[in-house]
Amino acid sequence: DGVYIEPGPGGDPIRNPKVLPTGKNMHALDPQSIPTSAAVDCAKRVVDKLLDRLKTVDEETGAETYPESVAFTLWGTDNIKTYGESLAQVMELVGVRPQPDALGRVNKLSLVPLEELGRPRIDVVVTCSGVFRDLFINQMNLLDRAVKLAAEADEPLEMNFVRKHALEQAEQMGVTLREAATRVFSNAAGSYSANVGLAVENGGWESESQLQDQFLTRKGFAFDSDKPGTINQQTDLFKAALATVDVTFQNLDSSEISISDVSHYYDSDPTKVVQGLRADGRKPMAMMADTTTANAQVRTLAETVRLDARTKLLNPKFYEGMLASGYEGTREITKRLKNTMGWSATSGEVDNFVYEDANDTFIKDPEMQKRLLETNPNAFRDMVTTFLEANGRGYWDTDDENIDRLQELYQEVEDRLEGIQA
């Protein structure tokens with residue numbers, strides 16, 4: 001009707017119904033105001049659930065053992081939608097409380113006393129996305145200050161893992177305690193992502209060590225609050241910090257995107273990177289928090305992948321809906337299979353049945369083969385290639401009959417695309 005429409009907030013309409021109706025000018029938030037008090041409260045609930053799943057209790061003495069270090073991934077748009085929940089989770093683990101001023105700006109920090117915390121301070125290693133670096137440089141400063149505040153606290157080492165690891169690394173590397181306590185990393189200025197997802201999508205990688213080196217090289221730029229405005233490559237510090245990690249952790253905070261919809265989540269997953277750096281070669285526990293609803297859930301990555309596969313890739317309602325949309329729908333199905341293989345490459349947390357059931361659904365059924373081939377032969381060829389690649393890289397164990405069928409199908413699709421008639 002040509003009437004004036006007031007600007008409104010952007011974000012997830014489930015978290016904030018005021019996002020609707022769409023089509024208006026959007027505003028996000030004041031970056032200096034996060035994490036908000038509400039985000040801090042939500043973060044504490046998630047961290048409590050995470051530690052409840054991870055801690056072990058001695059049956060005889062009742063003593064509790066906690067993980068010493070957690071590797072975090074922070075995303076820019078996700079922290080806009082949640083007003084800094086994952087940012088607050090990092091501070092909660094370290095045992096540092098953000099303090100807003102009278103205008104709501106968060107620029108001060110205080111240590112939570114160990115008596116109030118009721119557990120050790122957990123060390124963290126934070127990899128920030130390029131967008132987070134661009135939008136929230138002040139919050140990177142806040143995180144670095146929080147970790148260094150904990151590292152300099154004169155507390156028993158068995159109750160302060162931040163200090164424990166920083167002292168060890170300072171001695172090993174010949175640097176100061178504050179330098180050794182560097183825990184906030186991202187890409188170089190103007191650079192984005194680890195490009196692990198790009199390598200997986202193109203199939204242009206020879207081994208997992210290539211992907212891991214790529215992650216370390218591209219994500220190993222450290223933020224230092226003592227030298228504001230600079231992000232310098234500190235790969236050795238990055239490796240030293242990751243070598244102590246017991247748990248890798250990410251958040252799913254929007255119902256709009258799941259872990260197989262895009263490559264970003266596995267692109268920034270350091271699970272196998274940590275395994276390669278740890279002295280004992282042990283793979284860390286991989287965890288994910290689902291905060292898409294008020295009742296946040298903390299699951300293992302394997303549980304999350306299974307849930308995602310059942311609700312997307314292997315769900316008839318999903319793939320029939322995709323097929324009904326035609327050419328692009330077939331590409332979307334293939335993309336989710338490829339992204340699932342990406343999780344195998346970076347974490348090894350994809351069950352064999354996911355590939356087996358996907359093969360039964362899309363390859364074994366002649367009618368389904370025909371539909372996929374006629375709708376989008378290029379995407380179907382990519383799907384066949386992905387199955388063969390998953391088997392060749394050791395992510396999918398299946399019988400020779402399935403592999404023979406896939407190899408024959410690949411040749412048939414290739415001939416069709418090249419215009420060769422049987």
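Guide: A salt bridge here is a side-chain nitrogen of Lys or Arg within 4 Å of a carboxyl oxygen of Asp or Glu. Keep in mind that the model is predicted.

Visitor: How many salt bridges does a search of the whole structure find?

Guide: The search gives 38 salt bridges.

Visitor: Which residue does Arg306 meet in a salt bridge?

Guide: Its partner is Asp351, at 2.7 Å from N to O. Arg306 sits in helix H14 and Asp351 in the loop between H16 and helix H17, so the pair links distant parts of the chain, 45 residues apart.

Visitor: What about Glu332, buried or exposed?

Guide: Glu332 is buried, with a relative accessible area of 13%. Its side chain meets that of Arg331 in a salt bridge of 3.4 Å, N to O, and Arg331 is partly exposed at 36%. Salt bridges with shared partners join both into one network with Asp261, Lys312, Glu328, Lys335 and Arg336.

Visitor: Switching to cavities. How many of 30 Å³ or more?

Guide: Four. The largest cavity holds about 80 Å³ of space.

Visitor: What lines the largest cavity?

Guide: The lining has 13 residues, and those nearest the centre are Leu211, Gln212, Asp269, Val273 and Thr346. By class, seven are nonpolar, two polar and four charged.

Visitor: Which helix gives the most to that lining?

Guide: H10, with four residues. Helices H12, H13 and H16 are also among those that supply at least two residues each.

Visitor: Last topic, strands. In what sense do E13 and E14 pair?

Guide: Antiparallel, over four bridges. A hairpin of six residues joins E13 to E14, and Met287 has Thr300 in E14 as its bridge partner.

Visitor: Which side chains of E14 are buried?

Guide: Val298 and Thr300, which point to one face of the strand.

Methods. Residues are numbered from 1 along each chain as its sequence is written. This is a predicted model: local features need pLDDT of at least 70, side-chain atom pairs count only at pLDDT 80 or more; totals for chains, interfaces and linings use all residues. Side-chain values use heavy atoms; hydrogens and water are left out. Buried means under 20% relative accessible area, exposed over 50%, partly exposed in between (1.4 Å probe, protein chains only). Two strands pair if DSSP finds at least two bridges between them. On a 1 Å grid over the protein atoms alone, a cavity is a set of points where a 1.4 Å probe fits but cannot get out, and a pocket is an open set with protein on both sides within 12 Å along at least five of seven lines; lining residues have an atom within 4 Å of a point. Grid points are joined across faces, edges and corners, and a volume is the space filled by probe spheres set on the points. Ala, Val, Leu, Ile, Met, Phe, Trp, Tyr, Cys and Pro count as nonpolar, Asp, Glu, Lys and Arg as charged, and the others, Gly among them, as polar.
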